[in-house]
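Please look over the pockets of the model shown here. The report covers their volumes and linings.

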Amino acid sequence: MSRIWKWYKSCLSLHPVKTQVVSSGFLWGIGDVGAQYITHFTTNTRLRYKVSTFFCILSWSLLLVGLLLSGPLALYLACVKQDSEQEFITDWKRVAITSMFGFGFVGPAGHYWYEGLDRFIKLRLQLRPKSVKFVAAKVAMDGLIFGPFDLFVFFSYMGLSTGKSVPEVKADVKRDFIPALILEGGIWPIVQIANFRYVPVRYQLLYVNIFCLLDSAFLSWIEQQKDAPWKRRFTSFISMR
(Lines give C-alpha, C1' and ligand atoms only; values in the text may rest on other atoms or scores of the structure.)
Protein backbone atom coordinates (compact mmCIF):
# COMPACT_ATOMS: atom_id res chain seq x y z
CA MET A 1 0.00 0.00 0.00
CA SER A 2 2.85 2.39 0.78
CA ARG A 3 4.31 1.85 -2.69
CA ILE A 4 0.94 2.53 -4.30
CA TRP A 5 0.54 5.69 -2.25
CA LYS A 6 4.02 6.90 -3.19
CA TRP A 7 3.31 6.15 -6.84
CA TYR A 8 0.01 8.05 -6.65
CA LYS A 9 1.64 11.08 -5.03
CA SER A 10 4.31 11.06 -7.70
CA CYS A 11 1.69 10.96 -10.47
CA LEU A 12 -0.29 13.69 -8.76
CA SER A 13 2.77 15.92 -8.56
CA LEU A 14 3.76 15.40 -12.19
CA HIS A 15 0.31 15.18 -13.80
CA PRO A 16 -2.33 16.47 -11.35
CA VAL A 17 -5.26 16.78 -13.75
CA LYS A 18 -4.60 13.50 -15.58
CA THR A 19 -4.22 11.64 -12.29
CA GLN A 20 -7.50 13.03 -10.96
CA VAL A 21 -9.27 12.18 -14.23
CA VAL A 22 -8.05 8.56 -14.33
CA SER A 23 -8.77 7.87 -10.66
CA SER A 24 -12.25 9.42 -10.92
CA GLY A 25 -13.19 7.37 -13.98
CA PHE A 26 -11.91 4.15 -12.41
CA LEU A 27 -13.81 4.62 -9.15
CA TRP A 28 -17.06 5.66 -10.82
CA GLY A 29 -16.90 2.57 -13.01
CA ILE A 30 -16.48 0.32 -9.98
CA GLY A 31 -19.35 2.12 -8.28
CA ASP A 32 -21.67 1.40 -11.20
CA VAL A 33 -20.89 -2.31 -11.04
CA GLY A 34 -22.00 -2.16 -7.40
CA ALA A 35 -25.17 -0.29 -8.39
CA GLN A 36 -26.05 -2.93 -10.97
CA TYR A 37 -25.47 -5.68 -8.42
CA ILE A 38 -27.76 -3.91 -5.95
CA THR A 39 -30.45 -3.33 -8.58
CA HIS A 40 -30.30 -6.98 -9.67
CA PHE A 41 -31.14 -8.24 -6.18
CA THR A 42 -33.64 -5.44 -5.58
CA THR A 43 -35.54 -6.46 -8.71
CA ASN A 44 -35.71 -10.10 -7.62
CA THR A 45 -37.22 -9.63 -4.17
CA ARG A 46 -40.81 -9.41 -2.99
CA LEU A 47 -39.92 -6.46 -0.78
CA ARG A 48 -38.50 -4.50 -3.69
CA TYR A 49 -39.45 -0.97 -2.77
CA LYS A 50 -39.57 -1.32 1.00
CA VAL A 51 -36.11 -2.87 1.13
CA SER A 52 -34.85 -0.39 -1.47
CA THR A 53 -35.83 2.52 0.75
CA PHE A 54 -34.30 0.82 3.75
CA PHE A 55 -31.05 0.21 1.87
CA CYS A 56 -30.88 3.80 0.70
CA ILE A 57 -31.11 5.12 4.26
CA LEU A 58 -28.89 2.39 5.70
CA SER A 59 -26.13 2.87 3.16
CA TRP A 60 -25.72 6.55 3.90
CA SER A 61 -25.86 5.95 7.63
CA LEU A 62 -23.09 3.36 7.34
CA LEU A 63 -21.02 5.84 5.38
CA LEU A 64 -20.67 7.84 8.58
CA VAL A 65 -18.65 5.06 10.16
CA GLY A 66 -16.37 4.67 7.18
CA LEU A 67 -17.85 1.68 5.40
CA LEU A 68 -17.68 2.15 1.67
CA LEU A 69 -19.14 -0.41 -0.66
CA SER A 70 -18.71 -3.85 0.88
CA GLY A 71 -20.38 -3.03 4.19
CA PRO A 72 -23.68 -1.71 2.80
CA LEU A 73 -23.83 -4.52 0.24
CA ALA A 74 -23.20 -7.21 2.83
CA LEU A 75 -25.78 -5.85 5.26
CA TYR A 76 -28.28 -5.29 2.47
CA LEU A 77 -27.95 -8.81 1.10
CA ALA A 78 -28.16 -10.24 4.60
CA CYS A 79 -31.55 -8.58 5.01
CA VAL A 80 -32.98 -9.91 1.76
CA LYS A 81 -34.25 -13.44 1.11
CA GLN A 82 -33.93 -14.15 -2.57
CA ASP A 83 -36.93 -15.26 -4.63
CA SER A 84 -34.89 -15.94 -7.73
CA GLU A 85 -31.57 -17.50 -8.56
CA GLN A 86 -31.26 -15.50 -11.79
CA GLU A 87 -27.61 -14.99 -12.69
CA PHE A 88 -26.19 -11.50 -12.34
CA ILE A 89 -24.70 -10.20 -15.59
CA THR A 90 -22.76 -6.95 -15.63
CA ASP A 91 -23.81 -4.39 -18.23
CA TRP A 92 -20.34 -3.31 -19.33
CA LYS A 93 -21.74 -0.69 -21.69
CA ARG A 94 -23.36 1.05 -18.75
CA VAL A 95 -20.16 0.71 -16.71
CA ALA A 96 -18.26 2.41 -19.55
CA ILE A 97 -20.85 5.20 -19.75
CA THR A 98 -20.70 5.84 -16.01
CA SER A 99 -16.91 5.62 -16.00
CA MET A 100 -16.80 8.26 -18.74
CA PHE A 101 -18.74 10.57 -16.44
CA GLY A 102 -15.90 10.22 -13.96
CA PHE A 103 -13.29 10.73 -16.67
CA GLY A 104 -15.02 13.61 -18.44
CA PHE A 105 -16.66 15.55 -15.64
CA VAL A 106 -15.82 14.55 -12.06
CA GLY A 107 -12.06 14.38 -12.61
CA PRO A 108 -11.39 17.70 -14.35
CA ALA A 109 -14.29 19.64 -12.81
CA GLY A 110 -13.50 18.38 -9.32
CA HIS A 111 -9.82 19.23 -9.65
CA TYR A 112 -10.44 22.84 -10.66
CA TRP A 113 -13.36 23.24 -8.28
CA TYR A 114 -11.42 22.34 -5.13
CA GLU A 115 -8.35 24.30 -6.18
CA GLY A 116 -10.45 27.35 -7.12
CA LEU A 117 -12.67 27.14 -4.05
CA ASP A 118 -9.64 27.15 -1.76
CA ARG A 119 -8.14 30.20 -3.48
CA PHE A 120 -11.47 32.05 -3.45
CA ILE A 121 -12.05 31.51 0.27
CA LYS A 122 -8.49 32.52 1.14
CA LEU A 123 -8.04 35.51 -1.17
CA ARG A 124 -11.53 36.94 -1.68
CA LEU A 125 -13.16 36.15 1.66
CA GLN A 126 -9.81 36.32 3.48
CA LEU A 127 -10.68 33.63 6.00
CA ARG A 128 -8.01 31.87 7.99
CA PRO A 129 -7.35 28.33 6.65
CA LYS A 130 -8.78 25.51 8.77
CA SER A 131 -10.81 27.92 10.89
CA VAL A 132 -14.50 27.25 11.61
CA LYS A 133 -15.64 30.03 9.24
CA PHE A 134 -13.25 28.82 6.54
CA VAL A 135 -14.56 25.24 6.69
CA ALA A 136 -18.19 26.37 6.99
CA ALA A 137 -17.87 28.60 3.93
CA LYS A 138 -16.37 25.77 1.89
CA VAL A 139 -19.03 23.28 2.95
CA ALA A 140 -21.82 25.76 2.19
CA MET A 141 -20.50 26.66 -1.27
CA ASP A 142 -19.80 23.05 -2.14
CA GLY A 143 -23.28 21.95 -1.06
CA LEU A 144 -25.15 24.83 -2.69
CA ILE A 145 -23.20 25.11 -5.95
CA PHE A 146 -21.17 22.07 -6.93
CA GLY A 147 -23.39 19.40 -5.35
CA PRO A 148 -26.65 20.26 -7.18
CA PHE A 149 -24.76 20.95 -10.41
CA ASP A 150 -23.03 17.57 -10.19
CA LEU A 151 -26.37 15.78 -9.75
CA PHE A 152 -27.96 17.67 -12.64
CA VAL A 153 -25.08 16.84 -14.97
CA PHE A 154 -25.05 13.18 -13.89
CA PHE A 155 -28.73 12.50 -14.52
CA SER A 156 -28.75 14.51 -17.74
CA TYR A 157 -25.64 12.76 -19.05
CA MET A 158 -26.88 9.28 -18.13
CA GLY A 159 -30.14 9.89 -19.94
CA LEU A 160 -28.65 11.36 -23.11
CA SER A 161 -25.86 8.78 -23.29
CA THR A 162 -28.38 5.94 -23.29
CA GLY A 163 -30.25 7.40 -26.25
CA LYS A 164 -33.17 9.07 -24.52
CA SER A 165 -34.80 12.16 -26.01
CA VAL A 166 -34.56 15.57 -24.36
CA PRO A 167 -38.17 15.42 -23.03
CA GLU A 168 -37.47 11.98 -21.56
CA VAL A 169 -34.29 13.25 -19.92
CA LYS A 170 -36.16 16.22 -18.45
CA ALA A 171 -38.73 13.84 -16.97
CA ASP A 172 -35.98 11.63 -15.51
CA VAL A 173 -34.16 14.61 -13.97
CA LYS A 174 -37.43 15.85 -12.47
CA ARG A 175 -38.05 12.39 -11.04
CA ASP A 176 -34.55 11.67 -9.69
CA PHE A 177 -33.01 15.03 -8.80
CA ILE A 178 -34.96 15.94 -5.66
CA PRO A 179 -34.75 12.51 -3.95
CA ALA A 180 -31.00 12.32 -4.64
CA LEU A 181 -30.40 15.91 -3.50
CA ILE A 182 -32.27 15.40 -0.23
CA LEU A 183 -30.61 12.08 0.61
CA GLU A 184 -27.12 13.27 -0.34
CA GLY A 185 -27.67 16.55 1.50
CA GLY A 186 -27.85 14.64 4.73
CA ILE A 187 -24.42 13.06 4.47
CA TRP A 188 -22.07 15.00 2.19
CA PRO A 189 -21.78 18.07 4.48
CA ILE A 190 -20.45 15.79 7.22
CA VAL A 191 -18.00 14.16 4.80
CA GLN A 192 -16.84 17.55 3.55
CA ILE A 193 -16.31 19.02 7.01
CA ALA A 194 -13.60 16.43 7.62
CA ASN A 195 -12.28 16.95 4.09
CA PHE A 196 -11.90 20.72 4.29
CA ARG A 197 -10.64 20.67 7.87
CA TYR A 198 -7.98 17.96 7.72
CA VAL A 199 -7.16 17.03 4.11
CA PRO A 200 -4.63 19.08 2.05
CA VAL A 201 -6.18 20.66 -1.06
CA ARG A 202 -4.26 18.48 -3.51
CA TYR A 203 -5.75 15.33 -1.94
CA GLN A 204 -9.30 16.58 -1.42
CA LEU A 205 -10.63 15.20 -4.70
CA LEU A 206 -9.06 11.82 -3.92
CA TYR A 207 -10.80 11.85 -0.55
CA VAL A 208 -14.09 12.68 -2.25
CA ASN A 209 -13.53 10.04 -4.93
CA ILE A 210 -13.07 7.35 -2.28
CA PHE A 211 -16.49 8.18 -0.90
CA CYS A 212 -17.75 8.43 -4.47
CA LEU A 213 -17.11 4.70 -4.72
CA LEU A 214 -20.36 4.43 -2.78
CA ASP A 215 -21.86 7.66 -4.11
CA SER A 216 -21.56 6.54 -7.72
CA ALA A 217 -23.28 3.28 -6.80
CA PHE A 218 -25.97 5.26 -5.00
CA LEU A 219 -26.60 7.65 -7.92
CA SER A 220 -26.62 4.84 -10.46
CA TRP A 221 -29.02 2.92 -8.23
CA ILE A 222 -31.28 6.00 -7.97
CA GLU A 223 -31.31 6.32 -11.76
CA GLN A 224 -32.03 2.62 -12.28
CA GLN A 225 -34.95 2.63 -9.82
CA LYS A 226 -37.04 4.46 -12.44
CA ASP A 227 -40.43 5.61 -11.09
CA ALA A 228 -40.31 3.80 -7.74
CA PRO A 229 -43.07 4.61 -5.20
CA TRP A 230 -40.59 6.00 -2.66
CA LYS A 231 -39.46 8.55 -5.26
CA ARG A 232 -43.04 9.64 -5.85
CA ARG A 233 -43.44 10.20 -2.12
CA PHE A 234 -40.47 12.57 -2.16
CA THR A 235 -41.73 14.57 -5.13
CA SER A 236 -45.34 14.64 -3.92
CA PHE A 237 -44.17 15.93 -0.52
CA ILE A 238 -42.20 18.73 -2.19
CA SER A 239 -45.21 19.58 -4.36
CA MET A 240 -47.46 19.84 -1.29
CA ARG A 241 -44.92 22.09 0.38
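This is a predicted model: local features need pLDDT of at least 70, side-chain atom pairs count only at pLDDT 80 or more; totals for chains, interfaces and linings use all residues.

Residues are numbered from 1 along each chain as its sequence is written, and side-chain values use heavy atoms, with hydrogens and water left out.

A pocket is an open set of points on a 1 Å grid over the protein atoms alone, where a 1.4 Å probe fits, with protein on both sides within 12 Å along at least five of seven lines; lining residues have an atom within 4 Å of a point. A volume is the space filled by probe spheres set on the points.

| Pocket | Volume |
|---|---|
| Largest pocket | about 410 Å³ |
| Second largest pocket | about 310 Å³ |

The largest pocket has 22 lining residues. Asp142, Gly143, Gly147, Glu184 and Trp188 lie nearest its centre. Helix 5 (92-124), helix 6 (132-161), helix 7 (166-185), helix 8 (188-198) and helix 9 (201-224) each give two or more residues to this lining. Helix 6 gives the largest share, eight residues. Helices here are DSSP runs (H or I, at least four residues). By class, the lining has 13 nonpolar, five polar and four charged residues.

The second largest pocket is lined by residues including Met1, Trp5, Phe26 and Ile210. Helix 1 (2-14), helix 2 (16-43) and helix 9 give two or more residues each. This lining has ten nonpolar, one polar and no charged residues.

UniProt (unreviewed entry) places "transmembrane region" at residues 54-75, 95-114, 135-157 and 177-198. Residues 95-114 are 100% helix, with end C-alpha atoms 26 Å apart. Residues 135-157 are also 100% helix. Their end C-alpha atoms lie 31 Å apart.

Notes: Ala, Val, Leu, Ile, Met, Phe, Trp, Tyr, Cys and Pro count as nonpolar, Asp, Glu, Lys and Arg as charged, and the others, Gly among them, as polar. UniProt positions are given in the numbering used here, feature names are shortened, and annotations may be inferred rather than shown by experiment.
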